[in-house]
Amino acid sequence: MTADAAAAQFPECSRQPTEADVDGAKGAHKAATQFFERGDYERAIQYWRDAYGFDCSRPPLLLNIASAYEKKNDKSAAVGILELFLARAKDSPDAPSVREKIANLKAAIGSEPAAPPPPVELPKPPPPPPPPPPEKERPFGALPWVVTGSGATIALIGLVPFIIGEGKQSDAEKACATRKGCAPEVADQGNTGRTLSLVGTILIPSGIVIAGGGLVWQLAFNEKQEVGAAGTGGIPLVSRGSRAGAARPRRNAIVDEAHLAPVVLPGFQGAVVEGAF
């Protein structure tokens, strides 16, 4: 805060305070002193500013405000308030010690290390892809399908003699419907047809049963089951966070032998803040 900025907060006094203003200034000064002693410097500054607003004819209030700013470690604001005090109270007996105090504060400000730049946040790497699901295998493999296919094949094989046999029997019945006194070749044809039909009658249902059993085996008892997760024989990696030693700023001790005289405000009640820097 510069002296001009401080002057904007504390305008030049152009009026005489009334009795009510003086009473308000006393109450605000007392409250500010109590907050200062508790270490609540922000509230102390606020109430001393109110006290100055009630009674602007008392520039020493600015010294108290400067002390509170310094306690907050806001040295720039303290310098601005002290420079404003010198401008408003040129003939004050505290002027030499205030000038010395301003010089010490400026030296302390110049010796403070510059604030480090904010850390640059690197983009976070994308999360690793999820592991593949564990492999699954059917406990009986393709064997149920082999059985199903074999049954279907048997049924198809049995269909051929059945069709041929039924055809031979049909032809024999046409040639000798009464089945009496039939020619030998017609009788042989009928007998062969019955044999072939019998073979087909046995093979077709047998194949269907076998194929159906294989299908039930596959659908009901050959579902995929986990046989173990993907190989993880490696040793898990342990991420070690880097330890960066934070460099602590080196503080230069500044010896300040100047002490402001106590601020004495006639008629004000409460503790008086001494300019201890």
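Helices are DSSP runs of at least four residues, numbered from the N terminus. In this predicted model, the axes of helix H3 (residues 41-54) and helix H4 (residues 60-71) come within 9 Å and cross at roughly 165 degrees. H3 is therefore roughly antiparallel to H4, as angles over 145 degrees count as such. The crossing of H3 past H4 is left-handed. H3 contributes Tyr41, Ile45, Trp48, Arg49, Ala51 and Tyr52 to the contact. From H4 come Leu61, Leu62, Asn64, Ile65, Ala68, Tyr69 and Lys71. By class, the residues of this contact comprise 10 nonpolar, one polar and two charged.

H3 also packs against helix H2 (residues 19-38), with axes that come within 8 Å and cross at roughly 165 degrees. This angle makes H2 roughly antiparallel to H3. The crossing of H2 and H3 is left-handed. On the H2 side, the contact is formed by Asp21, Gly24, Ala25, Ala28, His29, Ala31, Ala32, Thr33, Phe35 and Phe36. These residues meet Tyr41, Arg43, Ala44, Tyr47, Trp48, Asp50, Ala51 and Phe54 of H3. The contact of H2 with H3 divides into 12 nonpolar, three polar and three charged residues. Tyr41, Trp48 and Ala51 of H3 are listed in the contact with H4 and also in the contact with H2.

Side chains of opposite charge can pair when their charged atoms come close. Six salt bridges are found in a search of the whole structure. One of them joins Lys72 to Glu42, with the closest N and O atoms 2.4 Å apart. This pair links distant parts of the chain, 30 residues apart. Lys72 lies in the loop between H4 and helix H5 (75-88), whereas Glu42 belongs to H3. Lys72 has a relative accessibility of 34% and so counts as partly exposed. Glu42 is partly exposed too, at a relative accessible area of 47%.

A salt bridge also connects the side chains of Glu70 and Lys101, at 3.0 Å from N to O. This pair, too, links distant parts of the chain: Glu70 sits in H4 and Lys101 in helix H6 (residues 95-111), 31 residues apart. Glu70 has a relative accessible area of 18% and is therefore buried, the cut-off being under 20%. Lys101 is buried as well, at 3%.

Arg58 and Asp55 form a further salt bridge through their side chains, at 2.7 Å from N to O. Both Arg58 and Asp55 are buried.

Key:
Residues are numbered from 1 along each chain as its sequence is written. This is a predicted model: local features need pLDDT of at least 70, side-chain atom pairs count only at pLDDT 80 or more; totals for chains, interfaces and linings use all residues. Side-chain values use heavy atoms; hydrogens and water are left out. Axes are lines fitted to C-alpha atoms, for helices over the stretch in contact, and angles run from 0 to 180 degrees between N-to-C directions. Helices (H or I, at least four residues) and strands (E, at least two) are DSSP runs, numbered from the N terminus. Angles under 35 degrees count as roughly parallel, over 145 as roughly antiparallel, 65 to 115 as roughly perpendicular and the rest as oblique. A crossing is left-handed if the near helix is turned anticlockwise from the far one by less than a right angle, and right-handed if clockwise. Contact means heavy atoms within 4.5 Å. Ala, Val, Leu, Ile, Met, Phe, Trp, Tyr, Cys and Pro count as nonpolar, Asp, Glu, Lys and Arg as charged, and the others, Gly among them, as polar. A salt bridge is a side-chain nitrogen of Lys or Arg within 4 Å of a carboxyl oxygen of Asp or Glu. Buried means under 20% relative accessible area, exposed over 50%, partly exposed in between (1.4 Å probe, protein chains only).
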